[in-house]
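This briefing is intended to be read beside the sequence and the 3D model. Please keep both in view while working through the points below.

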Amino acid sequence: MSTAAEFRQEQDYLSMLYGHLDALRAGARERLASTLRYTPGGTPQNRSERDSASTLYSDQVVEFGALEQGLCFGRLDLDDGTVRHIGRIGLFDTEGAHEQLLMDWRAPAARSFYLATAAAPDGVRRRRHIRTQGRYVTELDDEVLDLAEAARDDAEVGITSEAALFAALDARRTGRMRDIVETIQAEQDVIIRSEMGGVLVVQGGPGTGKTAVALHRAAYLLYTHREQLSRHGVLIVGPNPTFLRYISQVLPSLAETGVLLRTPGGLFPGVTATAAEPARVAEVKGRLVMAEVLANAVADRQRVPDEPLELTYDHEPLWLDPVTCERARTRALGTGRPHNLARPTFVDDVLDALVRQAADRIGADPLGGDNLLGPADLVEIREELTADPEVAATLEELWPELTPERLLADFYADRDRIDIAAGDLLTSEERLSLYRARGAWTPADVALLDEAAELLGEEEPVESAARPAVDADYAEGVMDIALGSRSIDLEDELDPELLLVADVVNAGQLAERQEDVERLTAAQRAAADRTWAFGHIIVDEAQELSPMVWRLLMRRSPNRSMTLVGDVAQTGDLAGAASWQDALGGYVAERWRLAELTVSYRTPAEIMAVADDVLAVVDPSLAAPRPVRSVGIDPWVEQVEDLAGRIAALLAEEGAHGRVGVIVPEGRPELRKVGVHDQVLTVRDAKGLEFDSVLIVDPQAILDESPRGHNDLYVALTRSTRRLGVLCPGEVPEVLRGLKPR
Ligand SMILES: Nc1ncnc2c1ncn2[C@@H]1O[C@H](COP(=O)(O)OP(=O)(O)OP(=O)(O)O)[C@@H](O)[C@H]1O
């Protein structure tokens, strides 16, 4: 068939597919409109049904709208004559035989589109990439996997999946990540479709597609395990808000919603922790020993007085002695409940003792008989004592009701409290570094607030009385899986260091956590619920997480179903991981699987050569990823005094070549004012992002600012897809001597 005829045929097919999409979209719009017109009766159930229907239909309208570009991008011709068109969603002929018109890229039968090779064609005769602009076909790239037929075909129809890949890689960056469904590579596909259970670590150098793979895996898992995940939700954790904005458009265009995106600073509902603090303080806060420090800080709030305390009741003194308080504290601690939930036991015991004392005095029979007060009198005395402000203040002093925020703020603001709780666990310098006035929360505080919340306990929400049994079943199931996995490896039983699910959460708590509030999506409910147990958790730049954040995330993932992507060579945070085993071993021993990505799709060979020298200083044993392309543009270095002026001039010049990113040291905030929003960034903010052209300013300062300065410079160097320039106010650092002067 001639190329023109093939073009016409594909265009007709594409037009037909868009016709079906239009019909679906019109149907969803109509259903949305009639749902919104409907005024539900008064019951909460009616209202919640209306709300969830309107959420569903408006999601569908958004989803179908996102398919205006790239609805269908591929076609497989199989040996048996079958033809399959592959696209971003599945479409069926709604009349007649319900024939499949378009196959969702996530469907098992679409997999050979990504995996088939001439050596292992898997029944595929020809793979076709269909490139489109809106609703029009612009190019067909055919790859014939039958070698004999390939030899007969003309040169135009060569091996062209590379062409589609290079076209995608050479495209200018927009500041928003795009999906890669059209050109997923085999090593990436294996990770995306890897089974959902267990902890999967994806290690790969910069630009190897870790973020892309993580997001496509989320889309794949939501497609394959839709029912389970739409009930329990998927959490995606990314390093900073700029990064979350960068990836936020990828999932809707993959036709998925209902995923919760968070930075580590946003993992505690109600707190947005963005305040800055020195890296060494964040490092101390991120240590696992802080769990013990906080437990001590809570214990420090459960006081026994040194001397009997004098209270007044009915104009007479009442004495609360240390023995009574000690006994009440022992009984409260004996309940095994967290601080706030054990408090009623303590309060009851203290009140019992006070009531007894008051009754002995008031009801004493002057003739020496039994006490004259009856049970009703005792109840009345108890009520009066409970309402007495002096008694309440004493109880508050001895065993206060605490919020996580109050516990932590009180702790930081009092050097004695810090010394008591952290005495042997931190050095005096470290203890001093924690001391600070009350103020805004930092990202490192979030895991401590979460730990505090666990230690303090929360009252059960009222609705949970009516919690559906199915959620309790789920909790049981998770615990079964967790306990089952415990017995697989006998060695674990013997390893006291290994923190199991049951150590960070118990079955009862877990059931409570699955409280079902029908009208919200799992993501919405999870966003408001600190104790939500997610169906799957994906962490990007996972190497940056501190041990305390890992502890928090493990609580949110009792079934240990996680995908963690990162690169230990890019660890910048002092609290971050030097190895995956260090980060994870405490929770899953050695039961995590590793997948590696080895090809850099972003950074061209010319820039990678410079980055290689820096990586050799970070760790000579680490291998840099293999660049998939070169662009023929040499990176350069320039020595310059007026940095701000030069940056402004280069921003204008480089802007002609696409999106520019300028990476500056943390210690030069004045440089951030040059350029527009998101254009001038620190390494920390540039993590995970990419630009057509990158300028690195004062690399020596970046190296000097942190003990992990070489890791930071490595991250900065690998942000560019094409062009790189380096501006030095002084000498060019030794490690960058490979750069040519401009
Ligand atoms: N199979 C692919 N097809 C097309 N583009 C791809 C493919 N894989 C990766 N890319 C592109 O390569 C670039 C780098 O990908 P990504 O940001 O996911 O890498 P990363 O490993 O997360 O990098 P870093 O560690 O620096 O954050 C992105 O522009 C991405 O779209």
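Two strands are taken to pair if DSSP finds at least two bridges between them. On that basis, an open sheet of 6 strands can be described, with parallel pairing and the order 19-18-20-21-17-22. The edge strands of this sheet are strand 19 (680–681) and strand 22 (740–741), each of which pairs on one side only. The model is predicted, and the values below are computed from it.

**The chain as a whole**

- The chain has 742 residues, of which 51% count as buried.
- Its secondary structure amounts to 32 helices and 22 strands.
- Where contacts join residues at least 6 apart in sequence, 73% of them link residues at least 24 apart.
- The accessible surface of the chain is about 33,000 Å², and carbon and sulfur atoms account for 52% of that area.

**Inside the open sheet**

- Strand 18 (residues 660–663) is paired with strand 20 (residues 691–697) in the parallel sense, over 4 bridges.
- Within this region, Val660 has Ser693 of strand 20 as its bridge partner.

- Helix 32 (residues 709–717) is largely enclosed by the rest of the structure, because 8 of its 9 residues are buried.
- The buried residues of helix 32 are Gly709, Asn711, Asp712, Leu713, Tyr714, Val715, Ala716 and Leu717.

**The ligand and its shell**

- The shell around the ligand holds 24 residues, and those that come nearest are Thr183, Gln188, Lys210, Glu690 and Arg719.
- By class, the shell comprises 8 nonpolar, 10 polar and 6 charged residues.
- In the side chain of Thr183, an N or O atom is 2.7 Å from a nitrogen atom of the ligand.
- A polar backbone atom of Gly207 is 2.9 Å from an oxygen atom of the ligand.
- Ala212 likewise places a backbone N or O atom 2.9 Å from an oxygen atom of the ligand.
- On its own the ligand has 640 Å² of accessible area, and the protein covers 97% of it.
- Two elements give two or more residues to the shell, namely helix 5 (161–170) and helix 7 (210–224).
- Helix 7 gives the most, with 3 residues.

**Leu215 in helix 7**

- Leu215 is found in helix 7, the element that gives the most residues to the ligand shell.
- With a relative accessible area of 3%, Leu215 is buried, because the cut-off for that class is under 20%.
- The C-alpha atoms of Leu215 and Ile192 are 8.6 Å apart in space, while the two residues are 23 residues apart in sequence.

**His339 in helix 14**

- Is His339 buried or exposed? His339 counts as buried, because its relative accessibility is 2%.
- His339 has its place in helix 14 (residues 339–362).
- The side chain of His339 reaches the backbone oxygen of Pro400 at 2.6 Å.
- Leaving aside neighbours within four places in sequence, Pro400 is also among the contacts of His339, together with Trp399, Leu402, Leu455 and Leu456.

**Loop residues with positive phi**

- Most residues other than glycine have a negative phi.
- Where does Asp122 lie? Asp122 is in the loop between helix 3 (112–115) and strand 5 (124–133).
- The phi of Asp122 is near 55°, a positive value in a residue other than glycine.
- Asp122 counts as exposed, because its relative accessibility is 58%.
- His315 is placed in the loop between strand 10 (309–313) and strand 11 (316–320).
- For His315, phi is near 65°, again a positive value in a residue other than glycine.
- His315 also counts as exposed, at 75% relative accessibility.

Notes: Residues are numbered from 1 along each chain as its sequence is written. This is a predicted model: local features need pLDDT of at least 70, side-chain atom pairs count only at pLDDT 80 or more; totals for chains, interfaces and linings use all residues. Side-chain values use heavy atoms; hydrogens and water are left out. Buried means under 20% relative accessible area, exposed over 50%, partly exposed in between (1.4 Å probe, protein chains only). A polar contact is a pair of N or O atoms within 3.5 Å; within protein, one must be able to donate a hydrogen and the other to accept it, and residues adjacent in sequence count only if both atoms are side-chain atoms. Contact means heavy atoms within 4.5 Å. Accessible areas come from the Shrake-Rupley method with a 1.4 Å probe; for residues, only the protein chains shown count as cover. A residue is near a molecule or strand if one of its heavy atoms lies within 4 Å of it. Ala, Val, Leu, Ile, Met, Phe, Trp, Tyr, Cys and Pro count as nonpolar, Asp, Glu, Lys and Arg as charged, and the others, Gly among them, as polar.
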